[in-house]
Amino acid sequence: MNKNVFSSFRNVSLLVCILISATFSGVSQATLVTSGFGSVPGAFGVPTFTGTGIAVNTINWAVYENAQNEQFILGMSATERFSSPEVTNDGAGTYFAESGLGAGSATASTWNFNFFIATLGPSITSVMDGLKLYYDVDPGMGSDFGIIDFFAGLTTETVAEGSQNLTFSFLYAAIPGITPPAGIFNPFDAGHYGFRLEAEYASASVPGALTTGGVGIAVRVPEPEVIFLLATGIVAFGLSRRLRRQVR
């Protein structure tokens with residue numbers, strides 16, 4: 001992906017996660033060092049996602065090692081856009097967001113997807129041989145993915161990160177580095193959305209071979225009626241507990 005496109009990109013439940021992983025992972029086994037959910041290991045620095053106020057303690061991350069024992073980290077998350085309703089999560093890579101348009105926006109949805117890549121060694125391009133981000137614009141389980149291949153634009157960088165909204169127009173443009181999806185994201189559609197950040201690099205177990213490693217997340221957007229019922233249930237539960245305490 002050329003510098004201009006990459007610059008624009010940077011600045012502009014468990015089953016679901018398993019399905020995402022199975023969809024994109026190569027046949028070779030990746031050299032996974034460690035993985036987790038929350039804050040990324042301190043050695044890789046603290047992500048900013050090139051934005052302000054974005055949570056950095058709800059990241060689904062994984063650390064990999066190539067054949068030269070060089071380590072890198074891949075991380076993804078989803079967060080609310082500015083002062084939109086909070087995006088929650090299950091602590092394992094599935095996030096829960098609301099449908100509709102974000103606060104103060106006439107076009108963007110209430111939530112963003114975020115990515116983070118960092119290496120402890122030389123540049124990203126010297127540690128791996130490919131880097132792609134898959135983004136899902138189809139609310140159904142049969143997903144319609146676009147692909148961003150920004151590997152070519154990372155000639156000297158040791159960190160690449162960004163926070164993006166599925167409504168951003170460049171995600172659907174047939175420009176170098178982007179394979180647009182067939183459909184267009186509708187911020188009012190409830191359903192399941194999947195994302196996958198995947199790296200290709202020299203295998204540590206099979207000399208001369210390439211392997212892939214990645215990390216994925218899922219974003220679930222429930223129907224507005226479901227959100228209302230859940231909220232009503234929580235309020236009713238709280239009132240019933242208060243009444244029981246008063247009776248005692």
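A residue counts as buried when its relative accessible area is under 20%. In this predicted model, Phe170 has a value of 13%, so Phe170 is buried. Phe168 gets the same label, since its relative accessibility of 14% makes it count as buried too.

Now for the rings. A pair of aromatic rings is described by the distance of the centres and the angle of the planes. The count comes to 11 aromatic pairs. Take Trp111 and Tyr193: their ring centres are 5.7 Å apart and their planes sit at 50°, so this pair is tilted. Trp111 belongs to strand E6 (residues 111-119) and Tyr193 to strand E11 (residues 191-202), so the pair ties together parts that are 82 residues apart in sequence. Trp111 is buried at 2% relative accessible area, and Tyr193 is buried at 1%. The rings of Phe168 and Phe170 also make a tilted pair, with centres 6.4 Å apart and planes at 35°. Ring pairs also build a cluster out of Trp111, Phe113, Phe185, Tyr193 and Phe195.

Strand E8 (residues 145-149) comes next. Its covered face holds Gly146 and Ile148, while Phe145, Ile147 and Asp149 make up the uncovered one. E8 runs antiparallel to strand E7 (residues 130-136), and 5 bridges join the two; Gly146 is the bridge partner of Tyr135. E8 also runs antiparallel to strand E10 (residues 178-179), this time with 2 bridges, and here Ile148 partners Ile178.

Finally, Leu171 turns up in the loop between strand E9 (159-164) and E10. Leu171 is buried, with a relative accessible area of 0%. Its C-alpha lies 8.3 Å from that of Pro181, 10 residues apart in sequence.

How values were computed. Residues are numbered from 1 along each chain as its sequence is written. This is a predicted model: local features need pLDDT of at least 70, side-chain atom pairs count only at pLDDT 80 or more; totals for chains, interfaces and linings use all residues. Side-chain values use heavy atoms; hydrogens and water are left out. Buried means under 20% relative accessible area, exposed over 50%, partly exposed in between (1.4 Å probe, protein chains only). Helices (H or I, at least four residues) and strands (E, at least two) are DSSP runs, numbered from the N terminus. Two strands pair if DSSP finds at least two bridges between them. Rings of Phe, Tyr and Trp (its six-membered ring) pair if their centres lie within 6.5 Å; planes under 30 degrees apart count as stacked, over 60 as edge-to-face and the rest as tilted.
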